[in-house]
Amino acid sequence: MSMENGNGSMRKKKWNFLQGNKEVNNNNNNINGSSAISVRGVYSMMLSNINEEDERGVVRLCRADPTDFSCFRTTQDAPHAIAEAVESFRFNSYAPSGGLFQARRAVADLVSSDFPYKLSADNVFLTVGCTEAINIITTVLARPGANILLPRPGYPQYQARAAFCRLEVRYFDLLPDRGWELDLDSLESLADDNTVAMVLINPSNPCGNVFTYHHLKKVAETAKKLGIFIISDEVYAHLTFGSKPYVAMGAFASIVPIITLGSLSKRWVVPGWRLGWIVTCDPHGILQDIGIVTNIKTYLDITSNPPTFVQAAVPQILEKTKDDFYTKNLNIMKEAAEILYDRCKEIPCLTCPHKPEGTMTAMLKINFSKIEGIVDDVDFCVKLAKEESVVLLPGATVGLKNWIRITYVVDPSALKEGLSRIKSFSLRHAIQLP
């Protein structure tokens with residue numbers, strides 16, 4: 001039988017593995033309808049629309065990774081700690097499922113430094129970045145009929161992972177006219193007996209706001225009333241530069257159980273090192289009693305660990321990083337936030353309703369009454385990429401259609417250039433009055 005005939009008969013055969021997992025195939029190219037959106041996937045799609053003949057170069061204001069810019073470098077203590085761990089030859093082996101004890105203890109001390117109680121290494125589980133922490137916690141919560149409450153706008157990894165796990169998602173709103181506070185009334189109306197948890201991101205990605213102590217306490221009391229625990233995503237912990245101080249959600253663990261997610265990525269500017277953590281803040285032991293902690297440990301037995309030498313470096317990194325490193329970065333971030341907020345006022349079709357107070361991102365609203373020839377936020381970003389070589393994230397990616405998410409923590413000169421091009425784009429597409 002010829003190869004050609006063989007191929008024909010093989011193609012006619014009925015195969016049981018056709019299509020595979022439909023949630024995976026529900027890809028990022030359909031941003032407005034996909035349940036499996038990712039920042040990475042949308043970022044790649046936007047880059048594919050760049051005009052390669054534009055000699056000005058690309059201004060990337062899409063993903064929160066400032067490592068492309070020389071003004072953002074990790075502390076020298078970090079690579080020194082990595083080198084010492086590697087050169088010791090003591091950390092070439094597999095690590096324990098939950099992570100090295102000394103690394104877990106260091107993270108426990110870091111997370112609970114402002115708490116009225118002390119965490120131990122037993123409260124900490126190390127993960128391959130915070131992305132894996134999200135994957136783990138959504139997976140261990142999934143059961144038939146269960147649902148989880150997510151913020152809108154929010155971080156799309158929660159939605160995508162919940163879809164894979166068949167965990168129903170219900171959205172509560174963050175209110176731009178109230179500084180992106182939670183709509184607690186809508187939160188209560190969404191919950192039922194099958195609601196297992198809610199997610200809070202503080203400081204907020206994508207909104208750039210910082211929640212107050214008073215508001216967080218209300219959130220904790222609401223969660224207790226609903227009988228659910230809080231997953232507190234604190235990847236941007238301490239990256240605040242406005243008038244509101246960072247408050248860790250674990251401070252309210254006496255009211256309701258808290259699971260805190262975090263990582264080295266943002267504060268230490270090493271997103272590629274992939275070192276994250278899950279921390280149980282639960283002085284009453286409720287998560288242990290109902291089996292959540294056991295489920296996390298079981299999951300960790302069947303997944304990958306962060307590199308052992310990176311884990312070994314964690315205690316030194318956390319202990320030796322000097323305050324001037326944090327201060328320098330926060331000052332650059334504050335300057336960038338002010339540039340964004342001020343220059344956004346010069347762009348007719350965009351509004352920044354809330355000056356960023358933390359994180360690396362902010363939400364901008366598109367005013368379609370000021371522009372023509374653009375149908376929605378995805379169309380806005382695609383055409384901007386083609387015409388001006390500026391990459392932004394459509395708001396639909398983070399759950400808020402006809403807004404855009406902008407990453408402003410880049411070199412200030414690149415930010416100014418990007419905003420200048422966005423202004424030119426806006427004026428080019430402005431509605432022409434008769």
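Predicted model: local features only at pLDDT ≥ 70, side-chain atom pairs only at ≥ 80, totals over all residues.

Biologist: Why is Arg-56 called partly exposed?

Modeller: Buried means under 20% and exposed means over 50%, with partly exposed in between. Arg-56 has 43%, so it is partly exposed.

Biologist: What makes the pair Arg-56 and Glu-388 a salt bridge?

Modeller: The cut-off is 4 Å between a side-chain nitrogen of Lys or Arg and a carboxyl oxygen of Asp or Glu. For Arg-56 and Glu-388 the N to O distance is 3.0 Å, so the pair qualifies.

Biologist: Where in the chain do Arg-56 and Glu-388 lie?

Modeller: They link distant parts of the chain, 332 residues apart. Arg-56 is in the loop between α3 and β1, and Glu-388 is in helix α14. Both also belong to a network of salt bridges with Asp-54, Glu-387 and Arg-428.

Biologist: How many salt bridges does the structure hold?

Modeller: There are 17. One of them joins Lys-383 and Asp-379, at 3.1 Å from N to O.

Biologist: How do you know that Lys-383 and Asp-379 are about one helical turn apart?

Modeller: Both are in helix α14 and they are 4 residues apart, which means about one turn between them. Lys-383 is partly exposed at 23% relative accessibility, while Asp-379 is buried at 16%.

Biologist: Which other pair is 4 residues apart, in helix α15?

Modeller: Arg-421 and Glu-417, again about one turn of the helix. Their side chains meet in a salt bridge at 2.8 Å, N to O. Here Arg-421 is buried, at 4% relative accessibility, and Glu-417 is partly exposed, at 33%.

Biologist: Let's turn to α9. What makes you say that its buried residues are on the same side?

Modeller: The buried residues of α9 are His-215, Leu-216, Val-219, Ala-220, Thr-222 and Ala-223. They cover an arc of only 165° around the axis, so they are on the same side of α9. On the other side, His-214, Lys-224 and Lys-225 are exposed.

Biologist: What covers the buried residues of α9?

Modeller: The cover includes β5, α8, β6 and β7. Met-198 is in contact with residues including Val-219, Ala-223 and Phe-229. Met-198 is also among the residues with the most contacts inside the largest nonpolar core, which has 150 residues. Helix α13 gives the most to this core, with 10 residues.

Biologist: Why is Thr-407 called buried?

Modeller: Its relative accessible area is 1%, and the cut-off is under 20%, so Thr-407 is buried. Thr-407 is found in strand β14, and its side chain reaches the backbone oxygen of Cys-62 at 3.4 Å.

Biologist: Are Thr-359 and Ser-389 buried or exposed?

Modeller: Thr-359 is at 0% relative accessibility, so it counts as buried. Ser-389 is buried too, with 1%.

Biologist: And which peptide bonds are cis?

Modeller: One runs from Arg-152 to Pro-153, with omega near 0°. Another runs from Asn-202 to Pro-203, with omega near -10°. Pro-153 is in the loop between β3 and α7, and Pro-203 is in the loop between β6 and α9.

Technical notes:
Residues numbered from 1 in each chain as written. Heavy atoms only, no water. Helix = DSSP H or I, 4+ residues; strand = E, 2+ residues; numbered from the N terminus. Buried < 20%, exposed > 50% of the residue type's maximum accessible area, 1.4 Å probe, protein only. Arc of directions from axis to C-beta. Contact = heavy atoms within 4.5 Å. Polar contact = N/O pair within 3.5 Å; in protein donor to acceptor, adjacent residues only side chain to side chain. Core = buried A, V, L, I, M, F, W, Y, C linked by side-chain atoms within 4.5 Å. Lists of a residue's contacts leave out its neighbours within four places in sequence.
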